Amino acid sequence: MKVTCAIIEKDGKILAAQRSEKMSLPLKWEFPGGKIENLEKPEECILREIKEELGIDLNIKYMLKSNTHCYGNRKIELIPFVCSIAGGDIILKEHKAVLWDFPLNLKNLDWAEADIPIYNQYLSLVKGQGLK
Ligand SMILES: Nc1nc2c([nH]c(=O)n2[C@H]2C[C@H](O)[C@@H](COP(=O)(O)OP(=O)(O)OP(=O)(O)O)O2)c(=O)[nH]1
């Protein structure tokens, strides 16, 4: 299963979202997004999912390397897009909470396992740019 997710940047901070009790991986933190539907391009998927889940429009800046992870016998390929907000105000439609912080400060969140390599990939990238 292919899943897209968004690392949304604003003023040097990024957004982490907490899954609700009712979702799979309850209360884990993730980069919001969701499953690719039939015939959909990954870029279309992430824009649709973020509109559905957070009520905002995104600009896609670039894609990072995907991470394949198995939760038991469920294999997902998580495809990350670094994005900025194009418009709208965040309304939580599915998540329990969201948090904005500098990338390094999010290290100790209880991340979904599939997100950890993606978080680390992003961190090395922004460190390389001399940012936090
Ligand atoms: N959206 C998103 N999903 C993630 C991330 N990390 C991660 O392991 N996942 C998992 C959780 C889900 O099993 C799947 C994404 O599906 P989804 O967010 O559309 O969730 P869903 O409720 O439809 O999925 P499910 O409960 O049927 O498993 O990928 C992430 O960063 N973002």
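**Questions about the ligand shell and the fold around it**

Student: Of the 16 residues around the ligand, which come nearest?

Tutor: The model is predicted, with local features needing pLDDT of at least 70 and side-chain atom pairs counting only at pLDDT 80 or more, while totals for chains, interfaces and linings use all residues. Residues are numbered from 1 along each chain as its sequence is written. A residue is near a molecule or strand if its C-beta atom, placed from the backbone, lies within 6 Å of it. Of the 16 residues around the ligand, the ones that come nearest are S24, E30, G33, G34 and A114.

Student: Which strand gives the most residues to the shell around the ligand?

Tutor: Strands (E, at least two residues) and helices (H or I, at least four) are DSSP runs, numbered from the N terminus. At least two shell residues come from each of strand 1 (2-10), strand 4 (33-35) and strand 7 (74-87). The most, three residues, are given by strand 4.

Student: In what order do the elements of the protein run from the N terminus on?

Tutor: The protein has two helices and eight strands. Read from the N terminus on, these elements follow the order β-β-β-β-α-β-β-β-β-α.

Student: Which residues have the most contacts inside the largest nonpolar core?

Tutor: A nonpolar core is a set of buried Ala, Val, Leu, Ile, Met, Phe, Trp, Tyr and Cys residues joined through C-beta atoms within 7 Å, and a residue is buried if 20 or more other C-beta atoms, placed from the backbone, lie within 10 Å of its own. The largest such core holds 27 residues, and those with the most contacts inside it are A6, I7 and I8.

Student: Leaving aside neighbours within four places in sequence, with which residues is A6 in contact?

Tutor: Two residues are in contact if their C-beta atoms, placed from the backbone, lie within 7 Å. With neighbours within four places in sequence left aside, A6 is in contact with F31, P32, G33, I46, I50, L58, F81 and C83.

Student: Against which strands do the buried residues of helix 1 pack?

Tutor: The buried residues of helix 1 are C45, I46, L47, E49, I50, E53 and L54. These buried residues of helix 1 pack against strand 1, strand 4, strand 5 (57-63) and strand 7.

Student: How many Å does helix 1 reach from its first C-alpha to its last?

Tutor: The expected span of a helix is 1.5 Å times one less than its number of residues. Helix 1 has 13 residues, and its reach from first C-alpha to last, close to the expected span of 18 Å, is 18 Å.

Key. Buried ≥ 20, exposed ≤ 12 C-beta atoms within 10 Å, placed from the backbone.
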